[in-house]
Amino acid sequence: MSFKRKLAALNYPTPDKFDPSNQAQYRGLVVWLEDQKIRHYKIDDRGSLRDIESDVWPGALHKYLSDLACPIMSGSPGEILDWLLGCAVRFEYGEKLEIYNKQTKETVKQSRTEQPKIVSNNPLDNLDFSTPEFKAGVEALAGSLKITKHPDHLVTLQAICKLVATRLNPKALSNPSSVVPDGEPYPFRDSGLGFDTGDPVVNDAAKILRLLHIQDMRLLQTRINECIVAIQAVTANPKTDTRLGKVGR
């Protein structure tokens with residue numbers, strides 16, 4: 001049983017990745033439907049339903065279905081979920097009745113024909129980023145640039161773009177020392193973590209993540225300082241007009 005169309009109609013964040021056989025996703029979707037669409041319970045009364053890791057969650061679901069007067073209490077999990085999705089769609093439609101009633105076959109067709117057609121001359125817009133040839137090209141380029149490959153080739157492509165934008169632009173190529181860090185590599189393995197995960201590999205990964213976070217914070221602080229300087233250049237630089245006998249613009 002596919003729920004993709006109903007999930008998409010309800011603006012569920014990941015309709016393509018939802019797996020009804022996954023209990024965590026199944027229970028999470030039930031909570032999402034109650035919180036965002038159905039809203040039968042008051043917020044304070046949703047605690048037992050939100051505790052999706054509890055052993056008594058099936059009982060909370062049974063009570064929830066009973067309170068909603070579900071006609072298929074003994075149905076399969078898929079049938080129950082389909083009924084809940086239909087219930088959510090009905091509530092969603094009821095809240096925006098006037099908007100949806102205006103959407104007829106003719107108005108939808110007219111809105112589609114009125115939309116301007118954008119013709120792009122960029123050959124990149126016609127690329128299929130999921131073909132084996134494209135993936136092989138990304139991996140070959142990553143190997144040439146000595147970039148670690150990610151299981152998702154699009155993530156690898158993002159790393160390639162970042163390297164090209166920061167270190168292979170004309171300014172960086174004319175002055176490589178401006179982008180290549182000086183000094184010895186930081187011995188992150190010898191630094192303290194503050195806690196121990198029990199796995200040396202995970203400990204090293206946590207140290208690297210901490211350093212990356214510090215780098216992001218430094219970049220953010222630099223940008224904040226630049227904003228402050230730019231604002232002060234406008235507000236804290238009064239010009240004196242001696243003819244008026246006062247300070248100001």
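**Close-up views of a predicted model**

**View 1. The buried residues of helix α4.** In helix α4 (residues 57-67), the buried residues are W57, A60, L61, Y64 and L65, where buried means under 20% relative accessible area, with a 1.4 Å probe and protein chains only. Seen down the axis of α4, these buried residues fall within an arc of 135°, so they line one face of the helix; the arc is that of the directions from the helix axis to the C-beta atoms. Their cover includes α2 (23-38), α3 (47-50) and α5, and just after α4, A69 takes a positive phi of about 60°. Helices are DSSP runs (H or I, at least four residues), numbered from the N terminus.

This is a predicted model, in which local features need pLDDT of at least 70 and side-chain atom pairs count only at pLDDT 80 or more, while totals for chains, interfaces and linings use all residues. Residues are numbered from 1 along each chain as its sequence is written, and side-chain values use heavy atoms, leaving out hydrogens and water.

**View 2. E92 and its polar contact.** E92 is found in helix α5 (residues 77-95), and E92 is buried, with a relative accessible area of 9%. The side chain of E92 makes a polar contact with the side chain of K37 (3.5 Å); such a contact is a pair of N or O atoms within 3.5 Å, and within protein one must be able to donate a hydrogen and the other to accept it, while residues adjacent in sequence count only if both atoms are side-chain atoms.

**View 3. The loop that holds L124.** L124 lies in the loop between α7 (105-114) and α8 (132-144).

Key
Helices (H or I, at least four residues) and strands (E, at least two) are DSSP runs, numbered from the N terminus. Buried means under 20% relative accessible area, exposed over 50%, partly exposed in between (1.4 Å probe, protein chains only). Contact means heavy atoms within 4.5 Å.
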